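Here is a brief report on selected packing features of one protein model. Please look over the sequence and the structure before reading on.

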Amino acid sequence: MRRADPFANVTYDDPGLPVAIRLEAHTPFVPLDADASALPIVRYRFTVRNDSAGFRHGFLLGALQNAAGWDGVTPIRGTRGAGYGGNVNRLLRRPGQSGVLMDHPGLAEDDPTAGELLLWTDAPAAVLPRAHDADALLRFVETVRLVAPTQLGDYSDAALRSALGPGASPMRAPSGPSPAGHTWDAGVAAAFALAPGESTTIDIVHAWWFPNRYADFDRFGPQHHYGPSRFWVGNHYATRFGGALDVLDAYLAGRDRLDAASRAWADAVAGSDLPEPLRETIAAQPALVRSPSVFRTADGRTYAFEGALGASTRNWNGDAGGSCPLNCNHVLNYEQALARLFPSVGRDMRETEFAVQAADGSIPHRVVLPLYLPQLHGVPIGGPERPALDGMLGAVLKTYRSVLDGAGVEWLSSHWASLVALMSYVSDTWDVAGDGVLRGDQPVTYDISLHEPNMYVGALWLAALRAMREMAGRLGVAAAYDFERASEAYDRLLWNGEFYDFGGGCLADQLLGQWWAHELGLGHLLPAGRVRAALRSIVRYNLRTHFEPHGYRSFADGDETGLVVCSWPHGGRPAVPLRYCDEVWTGVEYQVAAHCFHEGLDEEGLAILRGVRARYDGTRRNPFNEIECGDHYVRAMAGWSLLTAWSGVRHDATAGTHTSGARPGRYPYVAGTSWGTLTVAADGGISCSIHELPSGSANPT
């Protein structure tokens with residue numbers, strides 16, 4: 001069985017090694033438990049096996065640099081770097097445990113680079129707490145002596161631990177804080193001794209604790225000058241622990257439970273009946289959730305950049321930091337993984353969205369952090385200039401998603417006035433003819449405004465109307481949201497016999513709102529036959545193999561396969577076409593593929609996914625880093641919807657019901673208040689194997 005994220009497995013292939021070595025690395029990941037899944041720790045578990053005919057003993061060296069004082073950007077040369085100097089490494093010895101605790105006490109407590117790191121093992125180990133460079137670490141492990149075992153032939157755990165105290169190596173470690181401009185490396189040399197055929201496991205842990213995060217990134221909108229203010233927002237995980245050693249102890253206290261839950265999730269994905277391209281996509285989605293694109297501040301709120309800048313994506317403001325801050329609602333319109341895996345986070349992000357709502361009911365598509373600063377009301381925002389219409393409609397749909405995921409009627413009631421004000425703003429601003437069709441300047445996720453009736457905005461509007469009607473029913477309030485009239489008008493205006501016309505083009509995103517409607521169990525917003533025909537046209541006309549340079553960003557090239565944003569299959573491409581029309585966005589590919597599965601178009605959906613997975617197969621692109629305007633781009637979290645679409649299983653946590661599709665199989669599931677493995681029988685019946693959250697677990701929703 002292939003194990004999925006959060007486990008990474010490496011087999012060391014070196015004929016010169018006298019033993020066989022495998023590594024399994026992971027960070028705890030437990031659906032619904034945001035705190036457990038945010039532990040700042042990585043456990044490296046090595047399995048060492050002696051396949052030879054002779055006795056083998058030796059050391060496995062784990063090394064870590066004291067990076068306190070490093071800003072993450074300034075170049076480092078070995079242990080030299082600006083910000084280094086005065087770094088302190090302390091030997092850690094506890095019963096059955098060895099390690100090095102690292103900090104930089106000369107830094108101010110509020111310095112953004114101040115914090116702690118820890119290198120630790122519970123194996124018998126010699127420790128070099130300070131080293132000038134990697135050569136010193138290697139020399140240390142070469143000179144470690146197992147004096148008692150060598151003399152007495154006793155390689156028991158107790159003998160190894162006794163032998164590996166101070167004096168196990170003749171090499172001297174430097175003392176005191178590191179000199180100016182330098183830091184220390186550190187190493188733990190974990191011992192093993194194996195008879196023929198024997199194996200052992202060695203755990204080495206890296207933990208960290210950095211409490212300071214600042215809203216010091218480039219912002220959209222008018223530039224304000226706040227003098228020397230740095231706007232500390234902190235890191236949520238740091239409020240739960242007093243330092244890196246506290247992080248370790250919290251992990252050790254729940255190690256068996258956390259490891260078992262992480263394995264249960266990985267096995268639920270790897271052992272499912274999902275087709276391989278779907279399984280690979282679902283397995284990779286948590287990596288996007290836990291990427292640098294998403295973070296929680298000290299007050300517990302969750303925020304997201306559109307992506308993380310880096311070598312793959314150099315933006316207008318360079319290649320360091322976050323891309324396009326913050327909580328961009330039109331990009332997050334595609335996200336399903338974060339809110340489904342952690343519904344408490346989904347609710348939190350809705351509350352932030354309503355907290356920045358303007359008095360006229362509109363919601364800007366970016367959030368200014370800290371929230372007490374002036375928000376982007378009545379000013380040019382950027383990407384697009386005015387509050388994004390698609391993002392505002394998405395706020396309605398995301399709110400209903402939270403209701404289905406267990407937020408409850410009371411929570412919905414507390415935000416109902418905001419929803420009503422939002423829909424009134426949309427209607428008053430764009431439904432100028434009163435026929436249910438939105439017209440005029442419509443700012444959207446393509447960083448421009450659309451100006452004619454179009455199904456991209458239209459289907460989102462239809463889904464929002466229907467969602468408002470459903471939510472009003474749950475609250476028992478009267479609400480006149482005339483979905484039927486709007487649906488008929490849009491269908492009549494835009495259907496061209498093959499797809500819903502977009503200025504003569506075939507827009508891959510034309511049915512984004514219908515994808516949302518299926519996710520929320522709202523049914524068809526438009527004639528079902530036309531929806532399926534439009535999807536077939538999207539795949540027929542927009543799924544390409546072979547790409548030439550096109551002047552914008554290249555996310556597919558050469559003989560790769562990808563779904564372009566827009567095509568003009570019958571000619572008539574404008575001289576200035578839709579911005580980004582020739583690009584390939586995985587978030588759009590995932591939502592179109594998932595929608596195909598909802599409509600029974602399996603081959604079309606699988607064709608799209610095979611193209612994505614071939615591009616991100618690890619040879620040219622990282623399978624865990626899907627790129628758009630930034631690495632780990634949050635639009636790609638649309639991939640989670642593939643699970644719902646393929647399995648056909650939806651849940652309503654408030655009502656306590658599951659709805660089954662007709663596709664039998666065994667699937668992983670997360671259902672708002674529980675998670676585990678779900679089996680759909682041939683007759684549509686559902687059975688669940690639920691992984692219980694422990695009592696007192698954080699964020700059980």
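**Helix pair.** This is a predicted model. Helix α15 spans residues 586-598, and helix α16 spans residues 602-615. The two pack at an angle of about 155 degrees. Their axes are 7 Å apart. That angle makes α15 roughly antiparallel to α16, because angles over 145 degrees fall in that class. The crossing of the two helices is left-handed.

Which residues of α15 meet α16? On the α15 side they are T586, E589, Y590, V592, A593, C596 and F597. Their counterparts in α16 are D602, E604, G605, L606, I608, L609, V612, R613 and R615. By class, the contact has nine nonpolar, two polar and five charged residues.

**Enclosed helix.** Helix α13 covers residues 512-519. Eight of its eight residues are buried, so the helix is largely enclosed by the rest of the structure. The buried residues are L512, G513, Q514, W515, W516, A517, H518 and E519. G521 follows α13 and has a positive phi, near 70 degrees.

**Aromatic pairs.** A search of the whole structure finds 19 aromatic pairs. Two of them are set out here.

| Pair | Centre to centre | Angle between planes | Geometry |
|---|---|---|---|
| W265 and W675 | 6.0 Å | 75 degrees | edge-to-face |
| Y580 and W585 | 5.6 Å | 55 degrees | tilted |

W265 lies in helix α6 (residues 255-270), while W675 lies in strand β24 (residues 675-680). The pair therefore ties together parts that are 410 residues apart in sequence. Are W265 and W675 buried or exposed? Both are buried.

Y580 and W585 are likewise buried. These two also belong to one aromatic cluster, together with Y446, Y456 and Y552.

**A loop residue.** L17 sits in the loop between β1 (7-11) and β2 (20-26). Its relative accessibility is 31%, so L17 counts as partly exposed. How far apart are L17 and R469 in space? Their C-alpha atoms are 66 Å apart. In sequence, L17 and R469 are separated by 452 residues.

How values were computed. Residues numbered from 1 in each chain as written. Predicted model: local features only at pLDDT ≥ 70, side-chain atom pairs only at ≥ 80, totals over all residues. Heavy atoms only, no water. Axes fitted to C-alpha atoms, helices over the stretch in contact; angles between N-to-C directions. Helix = DSSP H or I, 4+ residues; strand = E, 2+ residues; numbered from the N terminus. Parallel < 35°, antiparallel > 145°, perpendicular 65-115°, else oblique. Left-handed = near helix turned anticlockwise from the far one by under 90°. Contact = heavy atoms within 4.5 Å. Nonpolar A, V, L, I, M, F, W, Y, C, P; charged D, E, K, R; others polar. Buried < 20%, exposed > 50% of the residue type's maximum accessible area, 1.4 Å probe, protein only. Phe/Tyr/Trp six-rings, centres within 6.5 Å; stacked < 30°, edge-to-face > 60°.
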